[in-house]
Amino acid sequence: MRTHQVLAFLLLLVIASVASENASTSRGCGLDLLPQYVSLCDLDAIWGIVVEAVAGAGALITLLLMLILLVRLPFIKDKEKRRPVCLHFLFLLGTLGLFGLTFAFIIRIDETICSIRRFLWGVLFALCFSCLLSQAWRVRKLVCLGTSPAGWQMAGLALCLMLVQVIIATEWLVLTVLRDMKSACAYEPMDFVMALIYVMVLLVITLGQALFTLCGKFKRWKLNGAFILITTFLSLLIWVAWITMYLFGNAMLQQGDTWSDPTLAITLAASGWVFVIFHAIPEIHCTLLPPLQENPPNYFDTSQPRMRETAFEEDVHLPRTYMENQAFSMDEHSAALRTAGFSNGSLGKRSSGSLGKKPSSGLGNRPSAPFRSNVYQPTEMAVVLNGGTIPTAPPTHTGRHLW
């Protein structure tokens, strides 16, 4: 009896200790999870779980697109589609970085996390917008001239444009953290936005360049320019929204720093999905499509000018062919006479021997109908070459031999 009481008392102690530990941890998180990553599973702060799921799905889609492009690369035969493949990989790499950076705004901050936030935000966006600007330059060349720059030129332009933001972000961290000995997390929202002015300039230039991709004589590439225009326009709307909310909206709603991290995390996830849906997927789809076949001319389209390889005059001025066709026509005429029952000289004898007598047939003295060989009959090829309409006979027509 005493043993059972001791066991029951120990069981109660274990339950009480577990309950106290669960009370100290967030709802939805395990006991062994570090406090720094509580926001990834805290059911009381549901925004972190939602943004985490959206960013994780975007990262998986981006990796899948990179794998598809890598596998299908040997089968891309069109040189105009093979040139920007390196640029596509850079753009997908930047998009993948945006999805990964989203998690840095969900977990609890420290010196390392704050430094990563401040450095990578502008650099990753600069990489994506630089790739979009290079793509707009490429599509404009294709629309106007039909040829695009070399692949290394487009990739080099994107990397050089991104390098400017790398220098800006590095200088900002060095001046505020190392020289002034301030904490990496101690910065004002206005300072964060001012360090991104170069990225905003890239976005506006890309939008202006994308407008010119819709003007040109090669309409085949205008769809690519339209997707670049849509992507940059939606990105501009997102940037206007998050800057307004980050600088003024949170203060007006009296949320302060409470909504700063959710605002930036949502911006990263939304921008990544815009890049994937409106640029990455259409570009890769167009790249993997087989080259278009040249459409044969539609001879039955009467709106087009009539096409014929040789003129009637060229056929008439061929004496040898004309004589051969004339001989063939005479043979056909003779065969038709024999078939009708008129041999050589029979017509004259019948006329002389039947004077005063009633003809045995009603067709004896009637003039014969014109033979088929002397009637102009266009062939199927003549109708096709004449644009679908039945042509008239040429002035020098003597029979079917011209066709």
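**Helix 5 and its contacts**

At the start of helix 5, the backbone nitrogen of Thr112 has a side-chain oxygen of Asp110 within 3.3 Å. The model is predicted, so local features need pLDDT of at least 70 and side-chain atom pairs count only at pLDDT 80 or more, while totals for chains, interfaces and linings use all residues. Residues are numbered from 1 along each chain as its sequence is written, and side-chain values use heavy atoms, with hydrogens and water left out.

Helix 5 covers residues 111-145 and spans 51 Å from its first C-alpha to its last, close to the 51 Å expected at 1.5 Å a residue; the expected span is 1.5 Å times one less than the number of residues. A bend of about 30° occurs at Leu120, taken as the angle between axes fitted to the seven residues ending there and the seven starting there. After the helix comes Gly146, with a positive phi near 90°.

The protein chain as a whole has 14 helices and zero strands. These elements are DSSP runs numbered from the N terminus (helices: H or I, at least four residues; strands: E, at least two). Of the 403 residues, 34% are buried, where buried means under 20% relative accessible area, exposed over 50%, and partly exposed in between (1.4 Å probe, protein chains only).

Side chains of opposite charge can pair when their charged atoms come close. Three salt bridges are found in the whole structure, each defined as a side-chain nitrogen of Lys or Arg within 4 Å of a carboxyl oxygen of Asp or Glu. One of them joins Arg117 and Asp261 at 3.1 Å, N to O. Because Arg117 lies in helix 5 and Asp261 in helix 10, this pair ties together parts 144 residues apart in sequence. Arg117 counts as buried because its relative accessibility is 2%, whereas Asp261, at 23%, is partly exposed.

Arg220 and Asp78 form another salt bridge, with the closest N and O atoms 3.1 Å apart. Arg220 sits in the loop between helix 8 and helix 9, and Asp78 in the loop between helix 2 and helix 3, 142 residues apart. Glu80 also pairs with Arg83 in a salt bridge, at 3.5 Å between the closest N and O atoms.

On the surface, Ile61, Leu64, Leu67, Ile68, Val71 and Ile281 form a nonpolar patch with about 480 Å² of accessible area together. Patch residues have over 30% relative accessible area and no salt bridge; like charges are joined within 9 Å and nonpolar side chains (Val, Leu, Ile, Met, Phe, Trp, Tyr) within 5 Å. Accessible areas come from the Shrake-Rupley method with a 1.4 Å probe, and for residues only the protein chains shown count as cover. Helix 2 gives the most to this patch, with five residues, while Ile281 lies in helix 10.

Technical notes:
Polar contact = N/O pair within 3.5 Å; in protein donor to acceptor, adjacent residues only side chain to side chain.
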